[in-house]
Amino acid sequence: MLSDVLFSGSLFDGPLLSEYETAALLLSLKVSAVAVLASLPLGILCAWLLARVEFPGKAIFDSLLHLPLVLPPVVVGYLLLISMGRQGVIGQWLYNWFGISFSFSWRGAALAAAVVSFPLMVRAIRQSFETVDIRLEQAARTLGSSRWRVFLTITLPLTSPGIVSGMIIAFARSLGEFGSTITFVSNIPGETRTIPLAMYSFIETPGAEYQAMRLCIISIVIALASLLASQWLTKKALKRTASVC
């Protein structure tokens, strides 16, 4: 029973996390951080395009960006495998020319996490761009500021709470990625076995209910903290925009 696992002393006996569980947690944090930081510049660019620029095929572009949200994670992992794997269309070229390989490594796990969390990041940043009063940017332009200066000194600071919020949401989503990761880079201890994959291994192992429950609790705490932080930053962004306007 779930209650037996939750309230049993065995759940909290000994160290909080074993070496195996700690490795999975640290790898998850590493993969999620790399996924968010590596995709952030492209996320800001895509969000700005969707919020400020009208161009042919914008609806299709927007739909493609959000496709990972509705596709089965296994499909995303398979597409990554045939495109970014060592024998994939792009992955083969990257490996032959630059020695970069995503297959069966934490880099591939980070790539999978970045793909599935990217739409959430773009959506949060886009909404923040849309709240910025364009008249502020136009006023700065009339005073002689270049487009880049206006973007760096006015637009970006005003959207920074939304950017941080998008990063937090993408980070939380990356921590929970399972299907595309196990399809693309397998379940290798110490290399690609993040928290969800470690939980999956524990669930399949007889007598490992306590270890799975500990990782489950840690996942819930991290996800809840991320959502609360995102909500707080969103409210802060709205108040900041209202005070400026």
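## Basis of the model

Because the model is predicted, local features need pLDDT of at least 70 and side-chain atom pairs count only at pLDDT 80 or more, while totals for chains, interfaces and linings use all residues. Residues are numbered from 1 along each chain as its sequence is written, and side-chain values use heavy atoms, with hydrogens and water left out.

## Packing of α6 and α8

Helix α6 (residues 106–131) packs with helix α8 (residues 147–175) at an angle of about 145°, and their axes are 8 Å apart; helices here are DSSP runs of H or I with at least four residues, numbered from the N terminus, and axes are lines fitted to C-alpha atoms over the stretch in contact, with angles from 0 to 180 degrees between N-to-C directions. The crossing is right-handed, a term used when the near helix is turned clockwise from the far one by less than a right angle.

## Salt bridges

The whole structure holds six salt bridges, each defined as a side-chain nitrogen of Lys or Arg within 4 Å of a carboxyl oxygen of Asp or Glu. In one of them, the closest N and O atoms of Glu-21 and Arg-214 are 2.9 Å apart. Glu-21 lies in helix α2 (residues 19–52) and Arg-214 in helix α11 (residues 209–244), so this pair ties together parts that are 193 residues apart in sequence. Glu-21 is buried at 0% relative accessibility, and Arg-214 is also buried, at 13%; buried means under 20% relative accessible area, exposed over 50%, and partly exposed in between, with a 1.4 Å probe and protein chains only.

Glu-177 and Arg-173 form another salt bridge, at 2.9 Å from N to O, in which Glu-177 is buried at 2% whereas Arg-173 is partly exposed at 28%. Asp-62, Arg-126 and Glu-130 are linked in a network of salt bridges.

In the model, residues 104–125 are 91% helix, and residues 150–172 are 100% helix.

Note on methods
Helix = DSSP H or I, 4+ residues; strand = E, 2+ residues; numbered from the N terminus.
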